[in-house]
Amino acid sequence: LLNEAKTIGLVPALVHTHPRGKAKFSEQDDRNEAELARTALLKGMPGLISVVIAGNGDIAARLWTQKGKAEDISRILHAGPRLRISGLKGTPADFLERQVRLFGKEASRQVAGFRCGIAGGGATGSAVLPLLLRLGVQEAVQFDKDIVEKTNLNRLHGARRPDVDAKMPKIAIHKRTVGESGLDMMLVSMDAWAGHPATWDALKSCDVIFCCTDDHAGRLFLNRFARFYGIPVIDVGLAMQRRTETAYDLFARVSTLFPGHPCLLCGGYVDPRRAREEAMKRDDPEAYDRLKEEA
């Protein structure tokens, strides 16, 4: 296992249970894991992760980076039918008083503690971000590379006409919205499409990611990302079209991507061929034009 982990660039992990005990490492665990960590380090691993799960579902985890010394991992994301983060402390912000009355302190503490990613800063992304802000989310990162245009003004939350003249990036508009609220959200803005290598580390730091992009390439990437890292992705889709002179169709969809739920490919929501074309048009427009000419 250690050799395989080294070959593919992963950190090995040891998981065991204490069915009738607590989520706490025993002296036996300390001795056994110290020896295994020594072996992992000798084989060139950056470390060894150890996890113990109690019968009530509590989890303890630590990272061995050198022989005989382990560092506790206090913040653990539980991804499944119910999202939860262990190790959260503190009191919900004062403006969340009515939310606390309805859902309780722990639920509000959990929501505030999620590190949320928002892929896309257009119409849907600009609506999701202020909703997370008002729910008390304290840390978020948004990915977008577009600038605001005149045709965005009817649906881009926070956009103003002078922003169009200034050719302001959409992420700058949302940064301003968060700053003017005074609600203490730390928003990191990335001038890149979700899926670009520059975004990988930021995406991996998220507890949940909202997919608010309208392209198939971005959705396909996040579909794979959710499966590989076990980080839930909430994909939000919205489409409107005119059917007759007086009738319109509105389609809305929310898909939660995590183990146990069907993926976007399974549901037929992503077209791999279209995703490939979009990725090529974005990354290599000359090759895209050449292939179009060749039909």
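Trainee: Let us start with Asp249: buried or exposed?
Mentor: Asp249 counts as buried, because its relative accessibility is 18%. Buried stands for under 20% relative accessible area, exposed for over 50%, and partly exposed for values in between, with a 1.4 Å probe and protein chains only.

Trainee: What should I keep in mind about the model itself?
Mentor: This is a predicted model, in which local features need pLDDT of at least 70 and side-chain atom pairs count only at pLDDT 80 or more, while totals for chains, interfaces and linings use all residues. Residues are numbered from 1 along each chain as its sequence is written, and side-chain values use heavy atoms, leaving out hydrogens and water.

Trainee: Which residue does the side chain of Asp249 meet in a salt bridge?
Mentor: The partner is Arg243, at 2.9 Å from N to O. A salt bridge here is a side-chain nitrogen of Lys or Arg within 4 Å of a carboxyl oxygen of Asp or Glu. Arg243 counts as exposed, because its relative accessibility is 53%.

Trainee: How many salt bridges does the structure hold?
Mentor: There are 18 salt bridges. One of them joins Asp30 to Arg62, with the closest N and O atoms 2.9 Å apart. Asp30 belongs to helix H2 and Arg62 to strand S3, so this pair ties together parts that are 32 residues apart in sequence. Helices (H or I, at least four residues) and strands (E, at least two) are DSSP runs, numbered from the N terminus.

Trainee: What other residue forms a salt bridge with Arg62?
Mentor: Arg62 also forms one with Glu33, where the closest N and O atoms are 2.8 Å apart. This second pair links distant parts of the chain as well, with Arg62 in strand S3 and Glu33 in helix H2, 29 residues apart. Glu33 is buried, with a relative accessible area of 2%, and Arg62 counts as buried at 7%, whereas Asp30 counts as partly exposed at 31%.

Trainee: Which sheet order includes S3?
Mentor: The order is S1-S2-S3-S4, an open sheet of 4 strands with mixed pairing; two strands pair if DSSP finds at least two bridges between them. Strand S1 (13–18) and strand S4 (69–73) stand at the edges with a single partner strand each, so one side of each is left without a neighbour in the sheet. Neighbouring strands are turned by 25° against each other on average, direction ignored. Axes are lines fitted to C-alpha atoms, for helices over the stretch in contact, and angles run from 0 to 180 degrees between N-to-C directions.

Trainee: Where does H2 sit relative to that sheet?
Mentor: Helix H2 (residues 27–42) packs on the sheet and touches S1, strand S2 (48–54) and S3, its direction making about 45° with that of S3. Contact means heavy atoms within 4.5 Å.

Trainee: Now the other sheet. What is the order of its 6 strands?
Mentor: This open sheet runs S9-S8-S7-S10-S11-S12, with mixed pairing. Strand S9 (186–190) and strand S12 (248–257) are at the edges, each with a single partner strand, so one side of each lacks a neighbour in the sheet. On average, neighbouring strands here are turned by 15° against each other, direction ignored. Helix H5 (residues 123–135) packs on the sheet, touching S7, strand S8 (139–143), S9, S10 and S11, and its direction makes about 165° with that of S7. Helix H7 (residues 170–181) lies across S8 and S9, running at about 175° to S9.

Trainee: How do the side chains of S10 point?
Mentor: In strand S10 (residues 208–211), Val208 and Phe210 point one way, Ile209 and Cys211 the other way, and all are buried. In a regular strand, side chains alternate between the two faces of the sheet.

Trainee: In what sense does S10 pair with S7?
Mentor: S10 pairs in the parallel sense with strand S7 (residues 115–119), over 4 bridges, and Ile209 is the bridge partner of Gly117. S10 also pairs in the parallel sense with strand S11 (residues 233–242), over 3 bridges. There, Ile234 is the bridge partner of Phe210.
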